[in-house]
Amino acid sequence: MDKVCVTGIGIVSSLGIGYQEAIDGLSKKPSDPVQLEQGAWGYPVTRTDYKAYIPRAMVRKMDRISQMTTAAVRMAMDHAESVGRPFDQLDDVGLILDTGMGSASCVSAILEEALGSDPTISPLLFPNVVANAASGQACIALGLKGLSSTLGGAGSLMYAFDLLQTGRAERIIVGGSDELNPLYTRGYVKHNVIDRNIPIGEGAVALVLETERAAVDRGGAAIAYVDHISVATDPGFRTTGPRTFRGGGLHRTVSEALSAERASSITAVIGCANGSSLLDRRERSAVGIGLLNRAELVLPKKWTGEVFGSGSILGVAVASMRLLRSSVYEPAELEVAAASAAVASASLTHRAEPMEKLLINAYDATRGQAMTTVIHKP
Amino acid sequence: MVKKDAHERVVVTGLGAVTPISSSIDELTRGLLQGTKGFGPVARFDASQYAIDCAAEIREPEGAKSLEGSRPSRLIQYAADEAIEDSGLSGSLLRKRTGMVLGTGLGSDEINTAMWQESTGREQDLAAVIGSMASCGGRAVVDRYRLTGPSLTVVTACAAGTNAAGLGFDLIVRGRADRVIVGGLDTLTQLTYGGFSSIGALAEQCLPFSTERSGTVLGENAAVLVLERMDLAMQRNARIYAEVLGYGLSNDAYHMTAPRSDGQGAKLSMLRCLAHANLAPEQVDYINAHGTGTVLNDEMELLALQEVFGDHFPRLYISSTKSQIGHGLSSAGGIELIASVLGLYHGFLPPTAHDRETMRANPRQFVQGQALLAQAEVAVSNSFAFGGHCASIAIKRWERD
């Protein structure tokens, strides 16, 4: 089996544009979420300077989520190619993307047309309505012709990891993107799925994954190695259901990860907690007080809000950024990160020594899909 | 072919489908053999406002109407019920280490309409919001059978069903699941119909590979296959329909709706499929083509096939199931894989159901009119999508080693 490493990070987020801004953002106390138009609270991406990463002729053909995605992918490629030789064969570079809602704003606009008094749909708008529009636009803009796919929710990391480990590809960019949209937000607010304690967010995150051999061949540098990914499903899980969710999926994925790794080697947990008492409680239970007591805990969604389809990649990106600059998180900030209702009681302690292995959780609430990833420092 | 261990091999042990010409696999088999077509004026909404008023629509089976959820959700559960019963799996054998990978698209009219009504200030059911997410169909099956393996949703538009089957194959080969329920789901919506109309892609007839082709006809399907690790299927004496050999993906990185005229994306996905399946081009007998009936796709696809298969191209049989059931978008790959599996299992080649002049003046190669009773050993099914996503999957007639 080939080893798989992360060699580039790209991010368009309320944390910042690019990994360096994101690292800086993570070193600061999370800002308060802003009140959104629909009565929700969240972290919208308000800047537009990420468009500088997209070929000028392509920008106007893309909707916003495609723009954010393409920019994140370009940034990740630039980051990976900043060390060693550039990728010599884009025909073999793939892109696998996660998205929860796809081009939600484009779907909204088209529904206005399709179901309104005038059923004429814009031929310019329509192509962006498919859920794979963002990855398609990114492939077109950047010339990527490798193994490409789009998954609804979390899963792209596992998919790419398996393809790389088994020698099906040498280089795949994985990403996640979603955007805030009034249709979804209104529904969630109305039915109390989200509230002041569960802010929501948006953005795009991308990671260049390469086999170790491919990275070494071009003189590239690994930021992190991916050791393990486990996935499981909770049948019957309902975002809106009774609060009897047992969270067995996360228990299984964390247990599998910890049986594959020496639990004692896990020095930090990047959690998927988003402020939902239901999910946060289950994650704490799955990780276990023992590990929480000795590992550092980082909760990226304290900075970004619940980012839906980009959540799993965001977690691994944050872990990778941590390895990139392990001094970024000061203990004081970690206490802030841990202040979620779910983990506040977990009496965290913080270690000063360098990180070794990081355990990253993701949970796709639309499908009850749990995923746990372990990465380590090169 | 390189011999793999039985635990690395994947077979098809169950099939289920609802299509515009059938509400069971037996009915579908008969329809494929006879070249039955499922086209007519659009019934689900008023399409008189569009230039074309023609689609291939499902008549929802009575048994599906009693299931919970939106129409797409009910249809996929109905198809999954048939496939799972067909596989003989039940109880803990089914629940444990069984995953679900569904290729799907935009949801349903009920959901879209509810969302839009909300946007205009009317009441909205939260089920519409949740249900409009692409994962709703797969989740309905996961919940119904209490599946605990990986549950994934592929949303690569018209390549989604084929991509989903490939991903399910990977999950088994990588040991992440012993069985994976895979398939494709998409239903006709005014949103997609209006969109395809706006880009001028619709026609009154679906005539793949005909010199008279002028566009596609939209359809809808719920298609489900049970994939299973070969050794486990053999241990329980399951009926095995076919073996999945491998698949390929690519992006042609050219245009959101139009394929590259040189067929490079299609060529890459087929070459990667053959490489993954350890197949030489001359080992392939039959291509279930993407074959939409649009001017650009069919020209591009034939060009790509000629380049990939070279001297073997004239000996390939090529047909498009869309000539019978229209273009089911995200469900197309799933139902066309089922058509290919049924052809290998029963010894026939599904037809291109029209009698018009064909592009390469070799009607026999396109299996025109009705199915051809012939035993193919290896078939490849192609799916190409908006966004440039391409997927190809290879299957082999089952015979015990």
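Visitor: Which conventions apply to the numbering and the atoms?
Guide: Residues are numbered from 1 along each chain as its sequence is written, and chains are lettered from A and ligands numbered from 1 in the order in which they are written. In this predicted model local features need pLDDT of at least 70, side-chain atom pairs count only at pLDDT 80 or more, and totals for chains, interfaces and linings use all residues, while side-chain values use heavy atoms, with hydrogens and water left out.

Visitor: How many helices and strands does chain B have?
Guide: Helices (H or I, at least four residues) and strands (E, at least two) are DSSP runs, numbered from the N terminus. On that basis, the secondary structure of chain B comes to 14 helices and 12 strands.

Visitor: What percentage of the residues in chain B is buried?
Guide: Buried means under 20% relative accessible area, exposed over 50%, and partly exposed in between, with a 1.4 Å probe and protein chains only. Of the 401 residues in chain B, the buried share is 69%.

Visitor: Which residues have the most contacts inside the largest nonpolar core?
Guide: A nonpolar core is a set of buried Ala, Val, Leu, Ile, Met, Phe, Trp, Tyr and Cys residues joined through side-chain atoms within 4.5 Å. In soluble globular proteins, nonpolar side chains tend to be buried together. The largest core here has 167 residues, and those with the most contacts inside it are Tyr193(B) and Ile338(B).

Visitor: Which residues does Tyr193(B) touch?
Guide: Contact means heavy atoms within 4.5 Å. Residues up to four places away in sequence are not counted for Tyr193(B). The list is Val42(B), Phe45(B), Ala47(B), Tyr50(B), Ile52(B), Asp53(B), Cys54(B), Ala55(B), Leu188(B), Leu202(B) and Leu218(B).

Visitor: At what angle do α8(B) and α14(B) pack?
Guide: Axes are lines fitted to C-alpha atoms, for helices over the stretch in contact, and angles run from 0 to 180 degrees between N-to-C directions. Angles under 35 degrees count as roughly parallel, over 145 as roughly antiparallel, 65 to 115 as roughly perpendicular and the rest as oblique; α8(B) and α14(B) are therefore roughly perpendicular to each other. Helix α8 (residues 160–173) and helix α14 (residues 332–346) of chain B have axes 5 Å apart, and their packing angle is about 70 degrees.

Visitor: Which residues make the contact between α8(B) and α14(B)?
Guide: From α8(B) come Gly161(B), Thr162(B) and Ala165(B), and from α14(B) come Gly333(B), Gly334(B) and Leu337(B).
Ala, Val, Leu, Ile, Met, Phe, Trp, Tyr, Cys and Pro count as nonpolar, Asp, Glu, Lys and Arg as charged, and the others, Gly among them, as polar. The residues of this contact divide into 2 nonpolar, 4 polar and no charged. The names asked for are Gly161(B), Thr162(B), Ala165(B), Gly333(B), Gly334(B) and Leu337(B).

Visitor: How many residues of strand β11 of chain B are buried?
Guide: In a regular strand the side chains alternate between the two faces of the sheet. Both faces of β11(B) are covered, with Val378(B), Val380(B), Asn382(B) and Phe384(B) buried on one side and Ala379(B), Ser381(B) and Ser383(B) on the other. The strand, residues 378–384, is largely enclosed by the rest of the structure, so the buried count is 7 of the 7 residues.

Visitor: What is the bridge partner of Val378(B) in β12(B)?
Guide: Two strands pair if DSSP finds at least two bridges between them. β11(B) and strand β12 (residues 389–397) of chain B pair in the antiparallel sense over 7 bridges. These strands form a hairpin with 4 residues between them, and Gly387(B) in the turn has a positive phi of about 85 degrees. In β12(B), the partner of Val378(B) is Lys396(B).

Visitor: Which residue of β11(B) does Ile287(B) stand opposite?
Guide: Strand β9 (residues 286–288) of chain B pairs with β11(B) in the parallel sense over 3 bridges. Opposite Ile287(B) stands Val380(B).

Visitor: Is Leu329(B) buried or exposed?
Guide: Leu329(B) is in the loop between α13 (322–325) and α14 of chain B. Its phi is positive, about 50 degrees, although Leu329(B) is not a glycine. With a relative accessible area of 7%, Leu329(B) is buried.

Visitor: What is the relative accessible area of Phe308(A)?
Guide: Phe308(A) lies in the loop between α12 (301–304) and α13 (311–324) of chain A. Phi of Phe308(A) is near 55 degrees, a positive value in a residue other than glycine. Phe308(A) is partly exposed, with a relative accessible area of 25%.
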